[in-house]
Amino acid sequence: MGKNKNKSNTSSSSSEMGGKQTQTDLGVKPSSTVFAKFEEGSSSSVSLAPRARNEADQQQHAVSLNVKEAPIVSSYNDKIRPLLDAVDKLRNLMVMEEGIQLPTIVVVGDQSSGKSSILESLASISLPRGQGICTRVPLIMRLQHHSSSEPELSLEYNGKVERTDEARVSEDIVKATDDIAGGGKGISNTPLTLLVKKNGVPDLTMVDLPGITRVPVHGQPENIYDQIKDMIMEYINPEQSIILNVLSATVDFTTCESIRMSQSVDKTGERTLAVVTKVDKAPEGLVEKVTGDDVNIGLGYVCVRNRIGEETYEEARAFSDQLFQTHPLLSKIDKSMVGVHVLAQKLVQIQATSIARTLPEIVKKIDDKLNICLSELNKLPKGLSSFAEAITAFMQIIGSSKESLSKILVRGEFDEYPEEKMHGTARLVELLNQFSEELHECDGTDFASNFLMEEIRILGEAKRMSLPNFLPRSAFLFILQGKVKGISSIPIRFVEKIWGYIEDVMISVLMKHSDSYYQLQLYAKRAAHNLIAKMKERSTKWMTEIVEMEKQTDYTSNPEYVTEWKKLMNNLGGFLHGVLEDTDKPAWSVVGDIGMVEVEVFR
């Protein structure tokens, strides 16, 4: 009955304050069995509303008297801890570097907005304070409820873990920051993790980022604003990030740079929670600010009073409770929107919902990445523990390479290598056609130029006593050897091109099949080069011998030779008529396939 009564009062007070969300209505509905368990004890920790003022005053007074024994939040710790541990382990495994985003509470705010005070109140420890930027690196705060009365604190950065305690933690954070970002006033994107195991703290993991500043001070780079902005945007841009926007009550929320940044990535505000600090310094109009919501904060507002001076955290909490109960303006704010304990409960609840919603997708992405990595791993060679295994693997590579070369160079199959240079038979035909064109276009085969003049000169030099109308054999051999010599270099170049192409194909095939054995690739490439060099040398020698044989013969049985001779003889009558009998005495005449030739020189 008591629980039902509290829920009714809370709902009524929300309506009276303009419909602001209470702790059990944060705009995030439970979507899993896990989170349903978190809801079981939530109603008992919700503050009472103005409609039950007397009862609420009595309860709040009791809380103030017993604040030293009460933890900030205890409803959800046992239930959320396993999930949060899983996310923290994934964070330590750096899965975010693999593109897998994790649910993260990111704390942002303008410089001097009170971020450090909020984190101190949640963790009940002292953090570095001072003028200018106190947080110069992303500070990952991992808070864990600890049953022992002795707190355990440690810092993790640059691959090392250092123990610390409550008395030295602030100083050690400064030292670690200097180690990461240097001793100046610059910032670094390398994170520093602070693990706090303490009795009564909420189970939370948050990332505190440097406060936003526009004007660089002495010792800071001129683009300090751009550096901070880039860092903040990197952390708040993923949809899995929950933005904890810290606002000072002394400023106009609509002008805050942190609001502008969060709105740029979360236009609807569905993953932004605002914390209003320094409420005791500017209470006028605060109720209208947090209920009017001109800046679209989807997860609502929580107003807190900062710890002042040497107050203990218990005293600060008691003073905060008293302030929001008795102050003529601040007491009008719904009790579900005030106090560090309310902030802790909201953060735990939002964090639990976010983890429960995103964890299945995270598991799926990790499985996909794992399958890809396993697939790549299976492609790697198995460990060869003996000489026999090495020989077997080597012979498999040779066999696969031989089959691929047979497909490419003999059978003309290129399904295994789709790139054009590996279409072996087609490339060989192209090289052969180029060789044929080069033969017909060389200077030694230009018959129309100086037609028969070289032959007449040689016949004149070969005069001797012999039967008339018989061509001297020495003249024929001299002409033949000259023609063959003019084209002798072309077949040699053709052989070199053929073997050069085969070498490229062979090395490509060997490299593919020995892809998993880098050392073997070096030897395989060298062996292929040496083998091709020997084969090219032998082929070149054969081609040279063939060319020399052509120089030694004074006849040929090649059908093309007889065909060409018959064509020329068929044009002999017309040629003689044009030179000797044509009364027009033309200077040029057409001779068969040779084309237009000069005949004036023959008269």
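Predicted model: local features only at pLDDT ≥ 70, side-chain atom pairs only at ≥ 80, totals over all residues.
Let's take the whole chain. It has 603 residues, and 43% of them are buried. The secondary structure comes to 19 helices and eleven strands. Now the contacts. Take those with a sequence separation of 6 or more: 75% of them join residues 24 or more positions apart. The accessible surface is about 33200 Å². Carbon and sulfur atoms hold 55% of that area.

Next, cysteines. How many disulfides are there? The count is zero. Cysteine 256 has a relative accessibility of 5%, so it counts as buried, the cut-off being under 20%. Cysteine 303 sits at 0%, so it is buried too.

On to the second largest pocket. Its volume is about 770 Å³. Which elements give two or more residues to its lining? There are two helices on the list, helix 4 at 77-92 and helix 7 at 224-236. The strands are strand 1 at 104-109, strand 2 at 139-145, strand 3 at 152-157 and strand 4 at 160-164. Helix 4 makes the largest contribution, with three residues. The lining has 27 residues in total. Nearest the pocket centre are Arg91, Met94, Glu97, Ile140 and Pro191. By class, the lining holds eleven nonpolar, nine polar and seven charged residues.

The model has four cavities of 30 Å³ or more. The largest cavity has a volume of about 120 Å³. Twelve residues line that cavity, and Ser121, Tyr313, Ala316, Arg317 and Val340 are the closest to its centre. Which helix gives the most to this lining? That is helix 10, residues 313-326, with four residues. The lining of the largest cavity splits into four nonpolar, five polar and three charged residues.

Let me turn to single residues.

Serine 354 is in helix 11, which spans residues 340-379. Buried or exposed? Serine 354 has 2% relative accessibility; the limit for buried is under 20%, so this serine is buried. What does serine 354 touch, leaving out residues up to four places away in sequence? The partners are Pro103, Gln240 and Ile242.

Serine 147 sits in the loop between strand 2 and strand 3. Recall that strand 2 and strand 3 both give residues to the lining of the second largest pocket. Serine 147 has a relative accessible area of 70%; exposed means over 50%, so serine 147 is exposed. How far is serine 147 from glycine 200? In sequence, they are 53 residues apart. In space, the C-alpha to C-alpha distance is 8.2 Å.

Serine 112 is in a loop as well, between strand 1 and helix 5, the helix at 115-123. Look at the backbone here. Serine 112 is not a glycine, yet its phi is positive, at about 65°. The relative accessible area of serine 112 is 56%, which is over 50%, so this residue counts as exposed.

Asparagine 296 also has a positive phi, about 60°, without being a glycine. Where does asparagine 296 lie? Its place is the loop between helix 9, residues 286-292, and strand 9, residues 301-303. Asparagine 296 is at 35% relative accessibility, between the 20% and 50% limits, so it counts as partly exposed.

Methionine 543 and serine 488 are 55 residues apart in sequence, and 9.2 Å apart in space, C-alpha to C-alpha.

The disulfide count is zero, with cysteine 256 and cysteine 303 buried. The second largest pocket takes three lining residues from helix 4. The largest cavity takes four from helix 10.

Terms used: Residues numbered from 1 in each chain as written. Heavy atoms only, no water. Disulfide = S-S within 2.5 Å. Buried < 20%, exposed > 50% of the residue type's maximum accessible area, 1.4 Å probe, protein only. Contact = heavy atoms within 4.5 Å. Areas by Shrake-Rupley, 256 points an atom, 1.4 Å probe, with all protein chains shown as cover. 1 Å grid on protein atoms, 1.4 Å probe; cavity = no way out; pocket = protein on both sides within 12 Å on 5 of 7 lines; lining within 4 Å. Points joined across faces, edges and corners; volume = space filled by probe spheres on them. Nonpolar A, V, L, I, M, F, W, Y, C, P; charged D, E, K, R; others polar.
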